[in-house]
4 protein chains.
Amino acid sequence: MTLTKTEVFTVTEIEEPAPDEDARSTQTKRLVYEHYVQPCLAELFGTTLFVFVGCASVIGNVTNTGLIQPAVAHGLALGVLITIFGQISGGHFNPVVSLSVYLCGGMELVLLVPYVLAQMLGGMIGAGLSKAMYPLDWYAAMMTLILTMVVCMGAVNSQTRSPWAPFCIGLTVTANIFAGGMVSGACMNPARAFGPAMAANQWNYHWVYWVGPTCGALLTVILIRLLFGDQKTRIVLKTKFNVLKMNEERTS
Amino acid sequence: MTLTKTEVFTVTEIEEPAPDEDARSTQTKRLVYEHYVQPCLAELFGTTLFVFVGCASVIGNVTNTGLIQPAVAHGLALGVLITIFGQISGGHFNPVVSLSVYLCGGMELVLLVPYVLAQMLGGMIGAGLSKAMYPLDWYAAMMTLILTMVVCMGAVNSQTRSPWAPFCIGLTVTANIFAGGMVSGACMNPARAFGPAMAANQWNYHWVYWVGPTCGALLTVILIRLLFGDQKTRIVLKTKFNVLKMNEERTS
Amino acid sequence: MTLTKTEVFTVTEIEEPAPDEDARSTQTKRLVYEHYVQPCLAELFGTTLFVFVGCASVIGNVTNTGLIQPAVAHGLALGVLITIFGQISGGHFNPVVSLSVYLCGGMELVLLVPYVLAQMLGGMIGAGLSKAMYPLDWYAAMMTLILTMVVCMGAVNSQTRSPWAPFCIGLTVTANIFAGGMVSGACMNPARAFGPAMAANQWNYHWVYWVGPTCGALLTVILIRLLFGDQKTRIVLKTKFNVLKMNEERTS
Amino acid sequence: MTLTKTEVFTVTEIEEPAPDEDARSTQTKRLVYEHYVQPCLAELFGTTLFVFVGCASVIGNVTNTGLIQPAVAHGLALGVLITIFGQISGGHFNPVVSLSVYLCGGMELVLLVPYVLAQMLGGMIGAGLSKAMYPLDWYAAMMTLILTMVVCMGAVNSQTRSPWAPFCIGLTVTANIFAGGMVSGACMNPARAFGPAMAANQWNYHWVYWVGPTCGALLTVILIRLLFGDQKTRIVLKTKFNVLKMNEERTS
């Protein structure tokens, strides 16, 4: 998590043209982004999603399930979000977790305060969203955002890919059904909505099952392509190809 | 996921007899099948099973369990099905998941529309079957089809084998009991039915516990041997042995 | 799964003294035991435990939990038992699973009928035991037998050791509590019983919490040392050391 | 688990200055600590936490969930605690488990009696704490102690780090919510408490959500830094650097 790797670029006395100022500056920006900014964004966004699911599972706990619904929703959402953001930020989403990890030697001091602030801000946003959205169809978009985020981060994006992706995806559906109070989870999956609609020939408001999830999926793509993707997936702050290649040649 | 591997066969200037037209054509058909047809079939069939279990868990939710029964049935069924079909198609079973995976760079454009159509068709078939079969004993066959599919794809078929097979199989039983409203899961396992029948000496309709599951198991075998198996397991569209061997010799 | 490895011993023209008749015969017996007898015993015993837990979870389902208790108990027990016996027999515990695995090319024909008979016998024994034992304290011994079997097979015995052992053990406790209708699981763990007894200073029948589990644990040890252990753990049908060593020297 | 590694130090006839008496004695103390004392402490502490969660889940089972709440709390807590302490002590937390593991050849005889005593003492402490703390806010500190212990042992401390850490952490929250009867788990996570407080602008007793968890986290850090950490994390009984380095040089 240090920036010393950039020093590789200061030794450029070989025949090849030295990487120009611009490329070096991009490379530095990229490293700062990946080591300091992206982790804080992951803590902010992960805490937002965790608190959103948590609050929703308490608000939506109208049936006679006692503690089961919130207990399982919190646990599964946390497990899944740590899996997909752990490679970026460690997946703390909790100020006292960050504190204990720092004191046990698991993170840099310089990130501690930003992490805690990001977590508090994420908690605010998540709780605010769960309150603001409650009776509306925006829930469908938010739940699909979480589901497609787990798919794209857990199974596509190479930095955060995990062998547990299949059950992460399945258990996200379980957590979301608990959180959203939706019996069938149809609002996260147009095919799950389309089948029964066809079987029963009921098409009232059927478009809702396509528009909401599509908005959620597109939002996921924007977030990953701009913020959370690795170098290959992200479309901003990539190091230009030739710099990377030179770097590799030198280290090999 | 490209067809470029077939080009290996165009360079055949060595002493060995060139693979004849027929073998080359089989090889091409096989690659087209494995790269384009089989993934769409996996999306179609996986979505069928997922929506079947999902609809059944909602139809069968007659006891006082609130959201637990459908939430857990959807989540476990999805996790298990992604595990066993993921190596073939990615295991999307959801149009907006396919959309977001494509936009994040995780699949080819040419497969996007076929996937979405396969998912919609699968949703229709799954919902239709769960409605058509409901009060009948066909449920036993369908549940056993799912269970034996998970066993044979997850533990036998080498392309899709997974170290998680033991719990995939166990959790399939959990999801199926939730979906089918069956207390004991006996209708997926003749030994589970035979033991208590023997202990209580009750043999009315006992044959049902053998016929239904056997039909489901045989259907699984047909599907795997014809459609979903890898080259070793499938009995159609195998590349003939000598072509494969030559191919290996050349690449080694 | 063939016996061809024994043929290594037929070529014995070197200076070393040929393995005597006795050692060769032991080696053959050991291979027959490990390839044919032990898998059938694993199917028999595994199906016994699975059906026992399953029947007990249905008998003991007296609280208002609908399908949850039997669904989760069946699923977890099956997942755990496949994990610990899978390396020995494949962990089918179900005649139609054996049928489909055989037809997909995953097992030898010669084992199919013995497996099905073992599963039916196991089902009978499991169901009979759950009925015979029900209101007695033998449940504690049986539940502890299952728990310690999972620990010793999943974490100690090297042939069947699994990285999932920690959660297999934890989830065995969950399945057993569901199956046995025991609120605290204390009857599988004397320390779990001793603590609250000490805190409340209640010692009536406290010895039951030590005798039952100890019997279960000792039965586990006997079964593993005699039947299910690998060569290192088993105390019978071991190949004598010098034969093994010679075998290794020749193959290296 | 033997002390023979220390003998490496008795052969010191090379030019390098022999490790002084003091360093040798520290090294011996460290090995005794890691092979005998630390495992017993892990059994003591792990049994304490397991019995605490177990008793709390029975005490707190006031809603209509039958066996689900205690069954799931016991199972998940045990699975998680075995994961994080398994590399140190094997994670038995149960006298008959230690007995069966010893008799199957999985542990040294000399540890058997200390383990059983540690487990009984741990059971007493865990049951006593769950009773003593019940209606107070100390629960928050205890629950956070468990959560941060799982994070720091499962994801930071290299000896006990596990790839399952993400779901261990998530499922710890599930077990703790079941055990503590807390709907939202907010008392383990100030960010989870801060968000809704901000959204509702309610700040009564909000400081409780910061003080309790912080105490728990600090207690975790003390326990890991003094007792359960590996050589790198622990701040006591480390072998001095030069001794370790010499040892490495000799063995390489």
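**Entry 1: chain D against chain C.** I looked up the contacts and found 44 residues of chain D touching 46 residues of chain C, where contact means heavy atoms within 4.5 Å. The model is predicted: local features need pLDDT of at least 70, side-chain atom pairs count only at pLDDT 80 or more, and totals for chains, interfaces and linings use all residues. Residues are numbered from 1 along each chain as its sequence is written, chains are lettered from A in the order written, and side-chain values use heavy atoms, without hydrogens and water.

**Entry 2: area.** I noted about 3,500 Å² buried between chain D and chain C, 80% of it from carbon and sulfur atoms; this is the accessible area (1.4 Å probe) that the two parts lose on being put together, summed over both. In chain D, Leu67(D), Val96(D) and Cys104(D) lose the most area to chain C, together 19% of what that side buries.

**Entry 3: make-up.** I counted 0 salt bridges between chain D and chain C (side-chain nitrogen of Lys or Arg within 4 Å of a carboxyl oxygen of Asp or Glu). Helix 2 of chain D (helices are DSSP runs of H or I, at least four residues) gives the most to the side that touches chain C, with 12 residues.

**Entry 4: symmetry.** I laid chain D on chain C by a turn of 90° and a shift of 0.0 Å along the axis, with an RMSD of 0.0 Å (least squares on C-alpha atoms of residues with pLDDT of at least 70 in both). The two copies are thus related as by a four-fold rotation axis. Only 11% of the interface residues of chain D are also interface residues in chain C, so the copies meet through different surfaces.

Methods: Helix = DSSP H or I, 4+ residues; strand = E, 2+ residues; numbered from the N terminus.
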